[in-house]
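Please keep the sequence and the structure in view while reading.

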Amino acid sequence: MSDIIEKASEISAEEIGADRADAAREAERSIVKKFRKEIWRKFTRAVNEYELIRDGDRIAVCISGGKDSMLMAKLFQELERHGKKNFEVVFLVMNPGYNERNYRMILDNAALLNVPVTVFSSEIFDIVADEGDSPCYLCARMRRGHLYSKARELGCNKIALGHHFDDVIETIVMGMLYGAQIQTMMPKLHSTNFPGMELIRPLYLVREEDIIRWMNYNHLEFIRCACRFTERCATRSEEEKGSMRAEVKGLIRELRKKNPYIEKNIFRSVENVNLATVIAYKKDGVKHHFLEEYDR
């Protein structure tokens, strides 16, 4: 009897392994087949148009465990597989203090999708625990700093983050409505605190709705919000959170009902800035006013 039970367990494990392999292959195949136009081409277009990857780069692909960063990891694997292999990647996961469920889900998804992750821990959640009701800004800065530091330790010269097209246009609108400024989330940035390091955003042109479609098509489930202070948002919609970004997301969605080009127009607005038609602007930290050139 024990031999039969042991054999059944072996078969079950083999079947599970086969299911995992099939899931990984289908997720990979769907990127370049079913979602070629919506995801793959927009990813490669951003890489080429913004010169995000250069020969000899070693890139830390930062995985938070959400849908965006996991898709980004798969896209880099596809780029290595189908493109010119003129760069290296490290798939980097930082554990800033996730609960056990979220941490396990990140590792399980990485295994399911055949993403070989390098994991390191920090104590960021504990450090920002006493920051009152708004620890997000400090947490974000510290997380980025730790990622830069670990990436450099691993010999990388770039970190890749999973911000997408919708993040970009929401940032533009938020800057205008809440920050009284016109700015955008750039496709790449030189680090000011880590000389020689860069931040790149390869999903810059990919729509969030297409990422969600890819996730649902492959029956995948990722963590939504792993922050210790807002863990309850994993079961709440963006609208229920009441954040400024959620408000802007809702505003853009309503405007889209009247004008289907609204998102593209917001994005292009920061590509078509005419300095002759603005009151003032800043360059290299210096403010310039239109009156400086008005009578010349």
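Helix H11 is the element that gives the most to the lining of the second largest pocket, with 4 residues. The model is predicted, and every value quoted below is computed from it. The points that follow begin with this pocket and then turn to the sheet, the hairpin, the cysteines and selected loop residues.

**The second largest pocket**

- The volume of the second largest pocket is about 420 Å³.
- Its lining comprises 17 residues, of which Lys42, Phe165, Leu205, Arg207 and Lys264 are the closest to the pocket centre.
- Two or more lining residues come from each of helix H2 (36-49), H8 and helix H11 (262-269).
- By residue class, the lining of the second largest pocket holds 11 charged and 6 nonpolar residues, and no polar ones.

**The open sheet**

- An open sheet is formed by 6 strands, arranged in the order S3-S2-S1-S4-S6-S5, and its pairing is mixed.
- Strand S3 (117-121) and S5 are the edge strands, each pairing on one side only.
- From one strand to the next, the twist averages 25 degrees.
- Strands of a sheet pair through backbone hydrogen bonds, in either a parallel or an antiparallel sense.
- Strand S2 (residues 88-95) pairs with S3 in the parallel sense, over 5 bridges.
- Within this pairing, Val93 has Val119 in S3 as its bridge partner.

- Strand S7 (residues 280-283) and strand S8 (residues 286-289) are paired in the antiparallel sense, with 4 bridges.
- The bridge partner of Tyr281 is His288 in S8, and that of Lys282 is Lys287, also in S8.
- The two strands form a hairpin with 2 residues between them.
- In the turn of this hairpin, Asp284 has a positive phi of about 55 degrees.

**Cysteines**

- How many disulfides does the model contain? The count comes to 0.
- Cys62 is in no disulfide, and the nearest cysteine sulfur, that of Cys156, lies 8.6 Å away.
- Cys156 is likewise in no disulfide, with the sulfur of Cys62 as its nearest cysteine sulfur at 8.6 Å.
- The pair does not count as a disulfide because the sulfur atoms would have to be within 2.5 Å, whereas the separation is 8.6 Å.
- Is Cys62 buried or exposed? Cys62 is buried, because its relative accessible area is 6%, under the 20% limit.
- Cys156 is buried as well, with a relative accessible area of 5%.

**Loop residues with positive phi**

- Ala180 is located in the loop between helix H7 (165-179) and strand S5 (188-190).
- The phi of Ala180 is near 55 degrees, which is a positive value in a residue other than glycine.
- Ala180 counts as exposed because its relative accessible area of 73% is over 50%.
- His219 is located in the loop between helix H8 (208-217) and helix H9 (238-241).
- The phi of His219 is also near 55 degrees, again a positive value in a residue other than glycine.
- Is His219 buried or exposed? At 74% relative accessibility, His219 is exposed.

**Buried loop residues**

- Leu203 is placed in the loop between strand S6 (198-200) and H8.
- With a relative accessibility of 0%, Leu203 is buried.
- Leu203 and Pro187 are 16 residues apart in sequence, and their C-alpha atoms are 8.8 Å apart in space.
- Ser191 occupies the loop between S5 and S6.
- Ser191 counts as buried because its relative accessibility of 13% is under 20%.
- The C-alpha atom of Ser191 is separated by 8.7 Å from that of Tyr148, a residue 43 positions away along the chain.

Methods
Residues numbered from 1 in each chain as written. Predicted model: local features only at pLDDT ≥ 70, side-chain atom pairs only at ≥ 80, totals over all residues. Heavy atoms only, no water. Buried < 20%, exposed > 50% of the residue type's maximum accessible area, 1.4 Å probe, protein only. Pairing = 2+ DSSP bridges. 1 Å grid on protein atoms, 1.4 Å probe; cavity = no way out; pocket = protein on both sides within 12 Å on 5 of 7 lines; lining within 4 Å. Points joined across faces, edges and corners; volume = space filled by probe spheres on them. Nonpolar A, V, L, I, M, F, W, Y, C, P; charged D, E, K, R; others polar. Axes fitted to C-alpha atoms, helices over the stretch in contact; angles between N-to-C directions.
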